[in-house]
Every structure is written in structure tokens, then in C-alpha cells.
Amino acid sequence: MSRNDRKELFNTATDWTREAGEYIRKKMKESFSVSTKSNQDDLVTDVDKGVENFFEKKLADKFPQHTLMGEEGTAESVKNLDGTVWILDPIDGTMNFVHQESFFAVSLGIFEDGEGIIGIVYDVMNDEMFSCLKGEGAYVNGRKLPELQEVPVHESILSFNSGWMLKDRRLEKLVKESRGTRSYGSAALELAYVAAGRLDAYISFNLAPWDIAGGYVLIKEVGGTVTNYEGKELDFLNKGTLLAANPYIHNNILSLIHESDQ
């Protein structure tokens with residue numbers, strides 16, 4: 001894909017994402033159905049499905065050769081990342097969407113033969129779009145984000161679900177070593193915040209490719225480091241652990257996590 005083709009793709013993807021946000025805001029003023037998936041806390045709404053259907057139809061019309069890997073059904077047929085693959089979470093943070101009407105995002109990562117080339121995370125209610133085209137810099141609402149600056153662990157703000165500490169007590173050490181911790185309930189937004197320097201690291205134990213694809217590309221574009229919990233490359237076809245961080249503290253966090261293993 002040529003540079004001009006990538007730019008056209010980027011412009012189209014950001015336009016469609018904004019359209020999806022408008023659709024979500026409109027549906028929020030109406031009634032929508034809520035159901036559960038794997039457990040009672042794993043929520044999905046007909047709005048999630050509507051957004052995914054929107055992208056599916058748009059792709060079929062404009063880029064029929066591209067593949068959509070979406071959370072609400074289209075991912076099931078995707079077995080590899082050959083060609084151009086759109087990895088979509090129509091609403092990341094559905095629980096926030098349902099209960100708080102805030103702190104949720106449309107998350108989109110576009111990959112070309114396994115390489116992340118476009119990252120978009122759109123905070124619908126704050127109308128804040130984080131976006132990047134590989135090699136062209138990352139932006140939030142048109143303002144270029146700087147490369148991530150050095151920060152020590154003791155001055156860092158980390159983000160992870162506090163419930164993870166009940167499953168892995170090693171995280172307590174990070175709480176003690178860092179300046180503070182946060183949890184926003186949307187992996188996409190938390191990754192975007194790492195890219196923007198609002199957070200210094202985000203940790204999770206069980207994320208799907210659509211949760212992280214958009215934010216992953218954003219963080220890489222500003223010089224951040226994204227691996228699994230073992231410090232290895234991510235797998236964008238299966239669920240896995242995640243450590244996305246400012247590059248200056250990524251290895252320090254890994255060391256702190258695994259200190260008690262030795």
C-alpha cells in the first residue's frame with residue numbers, strides 16, 4: 001500500500017469513526033437493549049452491534065478486499081492478519097456506557113500484513129479523538145503528541161483494574177512503588193492516555209485484540225513499549241496479558257512484577 005493510499009485509508013477511517021460516535025450519541029437518547037455474554041458483567045448492547053454493522057457495510061462497499069475483526073461477531077472468521085485487517089471494538093467500556101454514559105470509546109486498529117499502520121481511539125462523550133498513521137505522528141484532536149519523556153517509577157501513574165490484585169498480589173508492589181494508580185474501565189482509553197502521557201503504564205491480564213489494537217498503534221507511534229506480561233510480542237489473534245508503558249519504566253515494571261517469582 002502506497003503512502004497516499006495509507007493517508008486516504010486513515011482519513012476514511014477517522015471519518016467513519018466520527019460517524020459511529022454520532023450514531024452512538026443519538027442512540028443514547030433512545031432506548032437500547034442490554035444483554036450479557038460470557039458472564040453477568042460482560043455486557044453487550046444493540047448499539048455495539050449497530051456500530052459493528054455500520055463498519056461492516058462501509059467496508060463491503062468501499063474496501064471489499066479488507067477484513068473486519070470486530071468484537072460482536074465478525075472476529076470469528078478471522079484466522080490470520082494477511083492483507084488489510086480492521087480490528088474494531090465498537091464500544092470499548094460497555095459497562096461504563098450502560099451505567100455512566102461516559103468513559104467509553106470506539107477503538108480501531110488497522111493492520112497491514114500483521115503490522116499496525118493506523119490507530120484510532122475516539123472518546124465519544126468528550127469528542128476527543130486520538131489518532132495516528134504510522135510514521136506521521138500521533139494526534140489528539142489535531143494536536144500532535146510528543147514522544148514520551150523519561151519518568152521514574154516512583155513518579156509514575158499506573159492504571160489497572162483493582163480487582164486484578166485479588167488474583168495477583170504481585171501488583172501490590174506496583175501500588176507501593178508508584179505515585180498513584182487509576183482505573184477507567186476502558187482499555188482503549190487507558191492505552192490512549194499512556195500514548196498522551198496522562199498515564200505512564202497500563203496493565204491487564206485478559207484482553208482481546210479489539211480491546212488493544214487501536215491503542216497499541218498509538219503508543220508505538222510515540223515511542224512507547226507494548227508487550228505481554230512476560231515481555232514478549234503481542235498476539236493479535238488471541239486474548240492475552242498486556243503491559244503498555246512509557247519505555248523508560250517498562251522493564252522496571254516487569255522486574256517488579258516478576259521479582260517474587262525468583
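Student: How do α6 and α7 pack, by angle and axis distance?
Tutor: α6 and α7 pack at about 5°, and their axes are 8 Å apart. Axes are lines fitted to C-alpha atoms, for helices over the stretch in contact, and angles run from 0 to 180 degrees between N-to-C directions. That angle makes α6 roughly parallel to α7. Angles under 35 degrees count as roughly parallel, over 145 as roughly antiparallel, 65 to 115 as roughly perpendicular, the rest as oblique.

Student: What should I know about the model and numbering?
Tutor: This is a predicted model, where local features need pLDDT of at least 70, side-chain atom pairs count only at pLDDT 80 or more, and totals for chains, interfaces and linings use all residues. Residues are numbered from 1 along each chain as its sequence is written, and side-chain values use heavy atoms, leaving out hydrogens and water.

Student: Which residues in α6 and α7 meet?
Tutor: From α6, A187, A188, L191, A192, V194 and A195. They meet D211, I212, G215, Y216, L218 and I219 in α7. Contact means heavy atoms within 4.5 Å. By class, the contact has 10 nonpolar, one polar and one charged residues.

Student: How many residues of α6 are buried?
Tutor: Nine of its nine residues. Buried means under 20% relative accessible area, exposed over 50%, partly exposed in between (1.4 Å probe, protein chains only). The buried set in α6 includes E190 and Y193. Just after α6, G197 takes a positive phi of about 80°.

Student: How many residues does the largest nonpolar core have?
Tutor: It has 40. A core here is a set of buried Ala, Val, Leu, Ile, Met, Phe, Trp, Tyr and Cys residues joined through side-chain atoms within 4.5 Å. I87, F111, V121, L218, F236 and L242 have the most contacts inside it.

Student: Which elements each supply at least two residues of this core?
Tutor: The strands are β4 (84-92), β5 (105-112), β7 (128-133), β8 (138-140), β12 (201-207) and β14 (240-245). The helices are α6 (187-195) and α7 (209-221). The largest share, eight residues, comes from α6.

Student: What does V121 touch?
Tutor: Residues up to four places away in sequence are not counted. Among its contacts are A105, V106, F130, A188, L189, A192, G214, G215 and L218.

Student: Where is V124?
Tutor: V124 is in the loop between β6 and β7. It counts as buried, at 0% relative accessibility. V124 touches G21, I24, R25, F104 and V106, not counting residues up to four places away in sequence.

Student: Other helix pair. At what angle do the axes of α1 and α2 cross?
Tutor: Roughly 150°, and the axes of α1 (residues 3-28) and α2 (residues 46-62) come within 10 Å. That makes α1 roughly antiparallel to α2. The crossing is right-handed: the near helix is turned clockwise from the far one by less than a right angle, with anticlockwise being left-handed.

Student: Which residues meet there, in α1 and α2?
Tutor: In α1 they include W16, Y23, I24 and K27. In α2 they include V51, F54, F55 and L59. The contact divides into nine nonpolar, three polar and six charged residues.

Student: Now α8. Which of its residues are buried?
Tutor: H250, I253, L254, L256, I257 and H258. They pack against β10 (157-159), α5 (171-177), β12, β13 (225-227) and β14. S255 is also in α8, but it is partly exposed, at 45% relative accessible area. The C-alpha atoms of S255 and G231 are 10.0 Å apart.

Student: Last topic, backbone. What is the phi of E101?
Tutor: Near 55°, a positive value in a residue other than glycine. E101 lies in the loop between α3 (94-99) and β5. It is partly exposed, at 45% relative accessible area.

Student: And D113, what phi and which loop?
Tutor: D113 has a positive phi of about 50°, although it is not a glycine. Its loop runs between β5 and β6 (115-123). At 58% relative accessibility, D113 counts as exposed.

Student: How are these helices and strands assigned?
Tutor: They are DSSP runs, numbered from the N terminus: helices are H or I, at least four residues, and strands are E, at least two.

Conventions
Nonpolar A, V, L, I, M, F, W, Y, C, P; charged D, E, K, R; others polar.
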